[in-house]
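Thanks for coming. I will go through one model today, and the sequence and structure are on the screen.

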Amino acid sequence: MSAQWLENIARLLLRLSVGGLLFAHGLHKLNYGINGITRLVMAQGWPASLAWGVYVGELLAPLLVIAGAYARLGGALIAINMTMALYLAHRLQFWSFKNNGGLAIELQVMFLVGGLCVALLGAGRYSVMGEQGRWN
């Protein structure tokens, strides 16, 4: 196994895990709505329509990442989405721990860092667009 092959497999696994898990997270919002997020956005004095960005960050961006089409853009959108989620919904939990151990924000941080990794690394060879273009 060559180092190049292992690197491309690692990129594929990263894309599928981060994109797939976040997409499932976004499906919940698609099924049950974003009223809670809308309230959080409005509490900051921001327009309620900004809450719709969660669909971009948790449905569209993960699909781009999974497919490997504009994967760097998708990864960046995921990172932005998770930064907003940490700020709006989880900023009081930064140093909180769950009852069973671990940080209360570990999932959000994992998605944020995973999105950043995809944005920095790109999709790799095993993707719809391959290694073509600066956004992949």
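N81 is buried, with a relative accessible area of 10%; buried means under 20% relative accessible area, exposed over 50%, and partly exposed in between, with a 1.4 Å probe and protein chains only. Before going on, the provenance: this is a predicted model, local features need pLDDT of at least 70, side-chain atom pairs count only at pLDDT 80 or more, and totals for chains, interfaces and linings use all residues. Residues are numbered from 1 along each chain as its sequence is written, and side-chain values use heavy atoms, with hydrogens and water left out.

N81 sits in helix α4; helices are DSSP runs of H or I with at least four residues, numbered from the N terminus. Leaving aside residues up to four places away in sequence, N81 touches G53, V54, G57 and E58, where contact means heavy atoms within 4.5 Å.

Take E58 next, in helix α3. Is E58 buried or exposed? Its relative accessibility is 4%, so E58 counts as buried. The E58 side chain makes a polar contact with the side chain of K29, at 2.9 Å. A polar contact is a pair of N or O atoms within 3.5 Å; within protein, one must be able to donate a hydrogen and the other to accept it, and residues adjacent in sequence count only if both atoms are side-chain atoms. Again not counting residues up to four places away in sequence, E58 touches L22, F23, H25, G26, K29 and N81.

Now the pocket. The largest pocket has a volume of about 420 Å³. On a 1 Å grid over the protein atoms alone, a pocket is an open set of points where a 1.4 Å probe fits, with protein on both sides within 12 Å along at least five of seven lines; lining residues have an atom within 4 Å of a point. The volume is the space filled by probe spheres set on the points, which are joined across faces, edges and corners.

The lining of the largest pocket has 23 residues, and I37, V54, N81, M84 and A85 lie nearest its centre. Which helix gives the largest share of this lining? That is α4, with 8 residues. Helices α1, α2 (35-43), α3 and α4 each supply at least two lining residues.

On to the cores. The largest nonpolar core has 15 residues, and those with the most contacts inside it are L22, I78, M82, F111 and L112. Such a core is a set of buried Ala, Val, Leu, Ile, Met, Phe, Trp, Tyr and Cys residues joined through side-chain atoms within 4.5 Å. At least two residues of this core come from each of α1 (3-32), α3 (53-67), α4 (71-89) and α5 (106-121). The largest share, 6 residues, is from α4. A second, separate core of 8 residues includes V41, A51, V54 and Y55.

I78 touches V18, L22, G57, A61, P62, V65, F111 and G115, with residues up to four places away in sequence not counted.

Two last places. Y70 is in the loop between α3 and α4, and its phi is near 55°, a positive value in a residue other than glycine. Y70 counts as partly exposed, at 41% relative accessibility. W135, in the segment after α5, counts as partly exposed at 37%. With residues up to four places away in sequence not counted, W135 touches Y70, A71, R72 and L73.
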